[in-house]
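Please keep the sequence and the model in view while reading.

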Amino acid sequence: MEAREGTPAGQGAVPPSGQQFALTFAGQRALITEVGGALRRYTVDGRDLLDGYGEDEMCTGARGQSLIPWPNRIRHGRYSWHGRTEQLDLSEPSKGGAIHGLTRWANWEVEQQAEDRLSLVHTQHACQGWPWALSCRLEYRLDATGLSVRTTVVNRSSTACPFGTGAHPYLTVGTQVIDGALAHVPGSVYLPVDDEGIPTGREPVEGTQYDLRRLQPLGTREIDVTYTDLARDDDGRARVRLARPDGSPGIALWADEAYPYFEIFTGDTLPQKDRRRTGLGVEPMTCAPDAFNSGAGLITLAPGDAHTATWGIEPHAG
């Protein structure tokens, strides 16, 4: 397996995302990073399926990162658990909250590697606002159906902890912006949010700009909300589909039943203006935003318990 793509500028320079790991299978190629164990790039026959980032770039917008032990936001970075109030570092100062967990900037270690698969591990120790230890494992695999990503987390502490996980890839079908792309999101309910990005309730998508239950052009609609009550296919997977404007087969991101939520993000608020609307953020999540406070989808992970969730990308979805 190839362990490094390209050479960063400057003698002895280290890529911002650390060591790079390449997986290949039948025209497919995935690039995984040491930092965050992130999916930096995924191509099929040289065609990019992700709006990722270069080896000489730092990850922005959480592109391809896995989100542990919570996805999305926690209001004010504060929550109560079993009578004790915890205060996390505010990793999203603009909204005064904590976003996307604790492991996305950590260095992950290789556990096993082969040409078409890679497993990375990381131990998340106790830190500010998080008094537990977790053993985390990411397994990336390529096969004839595409790419799959399995996340397994074990509670190594003596007490139960709150838990959620998610992932943050941005899909592309090769259009300069996503406005002309066709999208299908199988959620019949969306979660409206306040100015801090925290859900304020549940609403049916029927009759709103968020109704993407049939394949249709995204147009100029701006979306940064969570979908739930997901329709699933016969295999139990929920799929978000993205296709080219001519309707030719595109790609699909699927999530197994461990993920009852999808966050859909059109990228309009990204700080990097040149990256806005260049890809569609499709984030499978096991819980809703601010689940540590609302309890919506929140998992209680008992000492020694493991949680596993799997999502993936099908490169030739109809």
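## Terms and source

Strands (E, at least two residues) are DSSP runs numbered from the N terminus, and two strands pair if DSSP finds at least two bridges between them. Strands of a sheet pair through backbone hydrogen bonds, either parallel or antiparallel.

This is a predicted model, in which local features need pLDDT of at least 70, side-chain atom pairs count only at pLDDT 80 or more, and totals for chains, interfaces and linings use all residues. Residues are numbered from 1 along each chain as its sequence is written, while side-chain values use heavy atoms, with hydrogens and water left out.

## The sheet of four strands

Four strands make up an open sheet in the order S1-S2-S3-S4, and their pairing is antiparallel. Strand S1 (20-25) and strand S4 (47-48) are its edge strands, each of which pairs on one side only.

Strand S3 (residues 39-44) is joined to S4 by two bridges, and these two strands run antiparallel; here Thr43 stands opposite Asp48 in S4.

## The sheet of nine strands

Another open sheet holds nine strands, in the order S10-S11-S12-S13-S27-S23-S22-S17-S20, again with antiparallel pairing. Strand S10 (109-114) and strand S20 (216-217) stand at the edges with a single partner strand each, so one side of each is left without a neighbour in the sheet.

Over five bridges, S10 pairs with strand S11 (residues 117-124) in the antiparallel sense, and Gln113 has Leu118 in S11 as its bridge partner.

## A hairpin

Strand S7 (residues 78-81) and strand S8 (residues 84-87) run antiparallel and are joined by four bridges, with Trp81 having Arg84 in S8 as its bridge partner. Two residues lie between the strands of this hairpin, where His82 takes a positive phi near 50°.
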